[in-house]
Amino acid sequence: MSHITTILEENRTFPPPAGVRGNIASLDEYHALCARFQTEPEATWRELAEAQLRWDQPFTRVLNRERAPFFRWFEDGRLNLSVNCLDRHVEDGLGERTAIIWEGEAGEVRHISYSQLLADVCRAANALKRLGIEAGDRVIIYMPMIPEAAVAMLACSRIGAIHSVVFGAFSPQALRDRIEDTGARLVITADGGARRGGIHALKPNVDTALQQGCQTVEHVLTVRHADNPIDTDPARDIDWHTALAAESDKCEPLMVESEHPLFILYTSGSTGKPKGILHTTAGYLLWAKLTMQWSFDFQPARDIFWCTADVGWITGHTYSVYGPLACGGTTVMYEGVPTYPDAGRLWKICADHRITLFYTAPTAIRALIKAGDQWPNRHDLSSLRLLGTVGEPINPEAWIWYHTVIGKERCPIVDTWWQTETGGHMIAPLPFATPTKPGSATLPLPGIDAAVVDEHGDEVTEGGGLLVLRQPFPSMLRGIWGDDQRYIDTYWHKFDGKYYFAGDGARRDADGYFWIMGRVDDVLNVSGHRLGTMEIESALVSHPAVAEAAVVGRPDEIKGEAICAFVVLKQDADAQLADTLRQHVSQEIGAIAKPDDIRFADSLPKTRSGKIMRRLLRDIAAGREITSDTSTLEDQQVVAQLQQNRA
């Protein structure tokens, strides 16, 4: 493992592979396209939208700024997303091309062609219509990583329903909150999913959520997948397979306006309640397709693309389902964990299916580094031509391991920065044009005006500051579901509506490359998943033993950030209380939110005005020496106690 213990300089640069011409072939071509966006932005977006998407009614207006920051793109055009992902490819003679390769944790494999996928989507869309689902209705999708999840998403888009996918590991309470916020009429789920050789129950979680409220839900449509026994309510529950078998494999698509809502996806906020990020149809789909071509150099006739993200996250939406299918290529879905039955599982899948483009999280990479080089070395990875990373900044040591051990020093590494809110990549190298630096997302994609600014909004050309986007782009969120003011306050208030504030810190180097420094608010990035500290604190305080809680992140070699909770109790702690509280958080939110550390104290460090001094807690959690000013601290003894107490 000597190749990852070498001291790495941040200015190490790796040229793009020689002799390969990508969809954007050179830095000169990149800069020329960026310049065109600067001088003729609307004409450039128009040309791309007309060329990339199939329109039922062409648009005449590119961008409407009249209600900024509620921007509207291509608003008078009409189209259907499922037509762009399925019908057009079948009509173009690609019906027998494989759309989805699915592999289950136990090793079973399914190949689904475009013709078959279209037929399944039509049957599912007809089944939804038979249940009374109409355009604009919300549908919750709570499923494992199986093809039926993609079918459900595409079926919703075919009839204009708005889907909201909830990550299958989320608890009944988290599911209930999302059902109630959307006012969903239908839940699509499965009896269970495979997880580390066992079964993770899903339908029982839906039943529990519905027992706690969710009065808008009329039906639950359940896929039989894991042979897991489930309870059924004849008045509410419907079998997916029976329902689809009764339907035609033809369904006329509903042509919707460009700005018709496509999906709501919940992401954590720093003020408690998760935010329902709203994306609309045309702009989102355009950027999903363009970034497949630009960031991944996707060649649909030759590439097998595998994004390891679950569809419960935005990465799974854009780069497991919509992006690859919009391009007419083959996407891989895997239901299982990266280390089951052993640490070679990902590399075996890459070898078995001859994956060419592989996209995963630094968290997974770091875990597999620990497992040892022998696992990837057992498998033929010669089909790989590009490697991508997503979810958090990748540390240079992991970048080098990925480059040398997995890519054999021949695959460009595409380190991507983006968010649920942006719908697709914002900053990423062009794999066969941009020289890369380990740990840097490099340069903004064409059409994206990113900058690092200070607290006053003035640009910082070299050095650290706040990452902002200065111009609207088609795939940006259109708001927070049901809360326009929160959308403005969260993303536009800091700079008085002038810039979109991403919530991340960043710096730029002398070459203009962006280095993402992480969140500047109270949102944690745990294994690439954004979790609100307030949500976890609220879950802890809901336990009868807890009087007060504060949650911060600490650096973690595998997860990026680990969750550290500081807890004040109403009673003395017993030996099992820390584990009890971890399990309680898991039940309230999901296993992903379980604190790694719980430290008990008589009180939390607060200013004399009662504000918790979180910067002190971050230092304590990380084991750092406290050198910052503590003169406003109400009780100086609290810090010493917290440093000593660890459960």
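How exposed is D596, in terms of relative accessible area? D596 is partly exposed, with a relative accessible area of 25%. Here buried means under 20% relative accessible area, exposed means over 50%, and partly exposed lies in between, with a 1.4 Å probe and protein chains only.

## Basis of the values

The model is predicted, so local features need pLDDT of at least 70 and side-chain atom pairs count only at pLDDT 80 or more, while totals for chains, interfaces and linings use all residues. Residues are numbered from 1 along each chain as its sequence is written, and side-chain values use heavy atoms, with hydrogens and water left out.

## Salt bridges

The structure holds 44 salt bridges, each being a side-chain nitrogen of Lys or Arg within 4 Å of a carboxyl oxygen of Asp or Glu. One of them joins D596 to K559, at 2.6 Å from N to O. The two residues are 37 apart in the chain: D596 sits in the loop between α17 (577–588) and β30 (597–601), and K559 in the loop between β28 (546–556) and β29 (560–569). Helices (H or I, at least four residues) and strands (E, at least two) are DSSP runs, numbered from the N terminus. K559 is partly exposed, with a relative accessible area of 25%.

D303 and R385 form another salt bridge, with their closest N and O atoms 2.7 Å apart. This pair links distant parts of the chain, 82 residues apart: D303 is in the loop between α9 and β16 (304–307), and R385 is in the loop between α13 (374–377) and β19 (386–389). Both D303 and R385 are buried.

In the salt bridge between E459 and R508, the closest N and O atoms are 3.7 Å apart. E459 lies in the loop between β21 (450–453) and β22 (463–469) and R508 in strand β24 (residues 500–508), so the pair ties together parts that are 49 residues apart in sequence. E459 is partly exposed at 38% relative accessible area, whereas R508 counts as buried because its relative accessibility is 17%. Elsewhere, R61, E66, R72 and E75 are linked in a network of salt bridges.

## Surroundings of S295

S295 belongs to helix α9 (residues 281–295). S295 counts as buried because its relative accessibility is 0%. The side chains of S295 and H425 are joined by a polar contact of 2.8 Å. A polar contact is a pair of N or O atoms within 3.5 Å; within protein, one must be able to donate a hydrogen and the other to accept it, and residues adjacent in sequence count only if both atoms are side-chain atoms.

Leaving aside residues up to four places away in sequence, S295 touches L386, V414, H425, A428, P429, P431 and L445, where contact means heavy atoms within 4.5 Å.

## Cavities

A cavity is a set of points, on a 1 Å grid over the protein atoms alone, where a 1.4 Å probe fits but cannot get out; lining residues have an atom within 4 Å of a point. By this rule there are 4 cavities of 30 Å³ or more. Grid points are joined across faces, edges and corners, and a volume is the space filled by probe spheres set on the points.

The largest cavity has a volume of about 60 Å³. Its lining consists of V165, V166, F167, F170, R178, L265, Y266, G312 and W313. The second largest cavity has a volume of about 40 Å³, and its lining residues include H260 and T281.

Note on methods. On a 1 Å grid over the protein atoms alone, a cavity is a set of points where a 1.4 Å probe fits but cannot get out, and a pocket is an open set with protein on both sides within 12 Å along at least five of seven lines; lining residues have an atom within 4 Å of a point.
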